[in-house]
Amino acid sequence: EVRAKFTLAGLGFIHIHDFLYWHFVERHELNKILRLKKSYLTGTEASTLLGMHKSHVTNLESQGLIEPVYFGTPKIIKLFKREDVLKLKDLGYGAIN
């Protein structure tokens, strides 16, 4: 569970403090994670590759242009196939450079 603490500071400014937790993996699981990292991207990584805002990937997903893959139990993480993101970029769905 990821939690954030919101506090008011000064003249109505809100500061957001992220509370993160660490998850340790065994050495033999590391290779599995590194293989996943080569083939899959998080939404943030996909948006960076496309040169667009993070919500752009969500929009592509809702339009049926990219399909997420879900990993993990009990915590589920949504990932996107790197090759699918690259295909979309080749089709012009990324930022124009």
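Colleague: Which residues of H2 are buried?
Modeller: This is a predicted model: local features need pLDDT of at least 70, side-chain atom pairs count only at pLDDT 80 or more, and totals for chains, interfaces and linings use all residues. Residues are numbered from 1 along each chain as its sequence is written, and side-chain values use heavy atoms, without hydrogens and water. Helices (H or I, at least four residues) and strands (E, at least two) are DSSP runs, numbered from the N terminus. With buried meaning under 20% relative accessible area, exposed over 50% and partly exposed in between (1.4 Å probe, protein chains only), the buried residues of H2 are Gly43, Ala46, Ser47 and Leu50.

Colleague: Within what arc do the buried residues of H2 fall?
Modeller: An α-helix has 3.6 residues a turn, so residues three or four places apart point the same way. The arc is taken from the directions from the helix axis to the C-beta atoms. The buried residues of H2 line one face of the helix, because seen down its axis they fall within an arc of 95°.

Colleague: Is Ser47 buried or exposed?
Modeller: Ser47 is found in helix H2, residues 43–50. Leaving out residues up to four places away in sequence, Ser47 touches Met52, His53, Lys54 and Val57 (contact: heavy atoms within 4.5 Å). Its relative accessibility is 4%, so Ser47 counts as buried.

Colleague: At what angle do the axes of H2 and H3 cross?
Modeller: Axes are lines fitted to C-alpha atoms, for helices over the stretch in contact, with angles from 0 to 180 degrees between N-to-C directions. The axes of H2 and H3 come within 8 Å and cross at roughly 100°.

Colleague: Which residues of H3 make the contact with H2?
Modeller: H2 and H3 are roughly perpendicular to each other (65 to 115 degrees; under 35 is roughly parallel, over 145 roughly antiparallel, the rest oblique). From H2 come Gly43, Thr44, Ala46, Ser47 and Leu50. From H3 come Lys54, His56, Val57 and Leu60.

Colleague: Is Ser62 buried or exposed?
Modeller: Ser62 is found in helix H3. Its side chain reaches the backbone oxygen of Asn59 at 2.9 Å. At 62% relative accessibility, Ser62 counts as exposed.

Colleague: Which are the edge strands of the sheet?
Modeller: Three strands form an open, antiparallel sheet in the order E3-E5-E4. Each edge strand pairs on one side only, and these are E3 and E4.

Colleague: How many bridges join E4 to E5?
Modeller: Two strands pair if DSSP finds at least two bridges between them. Val69 has Leu79 in E5 as its bridge partner, and Phe71 stands opposite Ile77 in E5. E4 (residues 68–71) and E5 (residues 77–81) run antiparallel, and the number of bridges is four.

Colleague: What stands opposite Leu41 in E5?
Modeller: E3 and E5 pair in the antiparallel sense over two bridges. The residue of E5 opposite Leu41 is Phe80.

Colleague: Which residue in the hairpin of E4 and E5 takes a positive phi near 100°?
Modeller: This hairpin has five residues between the strands. The residue with that phi is Gly72.

Notes
Polar contact = N/O pair within 3.5 Å; in protein donor to acceptor, adjacent residues only side chain to side chain.
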